[in-house]
Amino acid sequence: MNKNTLITILAVIGGIVVLGWALKLTFKLLGLLIVIGIGLVIYFGAQKMLGGPK
């Protein structure tokens with residue numbers, strides 16, 4: 001096994017670790033993001049129904 005193979009293996013393992021951390025963080029924040037999204041949809045829908053800003 002040469003140096004490039006070792007670096008490639010370490011890079012792949014590091015990428016998997018970072019991806020797992022990012023996915024875990026995303027799923028922790030998913031509930032909050034859904035609530036914010038629903039709030040924005042209701043806000044913009046109400047503005048459109050009421051005629052928008054004057």
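**View 1. Lys-28 on the helix.** Lys-28 lies in helix α1, where helices are DSSP runs of H or I with at least four residues, strands are E runs of at least two, and both are numbered from the N terminus. This is a predicted model, in which local features need pLDDT of at least 70, side-chain atom pairs count only at pLDDT 80 or more, and totals for chains, interfaces and linings use all residues. Residues are numbered from 1 along each chain as its sequence is written, and side-chain values use heavy atoms, with hydrogens and water left out. With a relative accessible area of 65%, Lys-28 is exposed (exposed is over 50%, buried under 20%, partly exposed in between, for a 1.4 Å probe and protein chains only). Ile-13 sits 15 residues from Lys-28 along the chain, and their C-alpha atoms are separated by 23 Å.

**View 2. The whole chain.** Here the chain has 1 helix and 0 strands. Its radius of gyration is 22 Å, well over the 10 Å from the globule rule for 54 residues, so the chain is more spread out than a compact globule; the radius is taken over C-alpha atoms, and the rule is 2.2 Å times the number of residues to the power 0.38. The C-alpha trace spans about 70 × 20 × 10 Å along its principal axes. Buried residues account for 0% of the 54 residues.

View 3. Helix α1 covers residues 3–49, 47 residues in total, and reaches 64 Å from first C-alpha to last, close to the 69 Å expected at 1.5 Å a residue (the expected span is 1.5 Å times one less than the number of residues). At Leu-30, α1 bends by about 45°, the angle between axes fitted to the seven residues ending there and the seven starting there. Just after α1, look for Gly-51, which takes a positive phi of about 100°.

View 4. The whole structure holds 1 aromatic pair. The ring centres of Tyr-43 and Phe-44 are 5.3 Å apart with planes at 65°, so this pair is edge-to-face (centres within 6.5 Å; planes under 30 degrees apart are stacked, over 60 edge-to-face, the rest tilted). Tyr-43 counts as partly exposed at 48% relative accessibility. Gln-47, also in helix α1, is partly exposed at 27%. From Gln-47 to Ala-11 is 36 residues in sequence and 49 Å in space, C-alpha to C-alpha.

How values were computed. Rings of Phe, Tyr and Trp (its six-membered ring) pair if their centres lie within 6.5 Å; planes under 30 degrees apart count as stacked, over 60 as edge-to-face and the rest as tilted.
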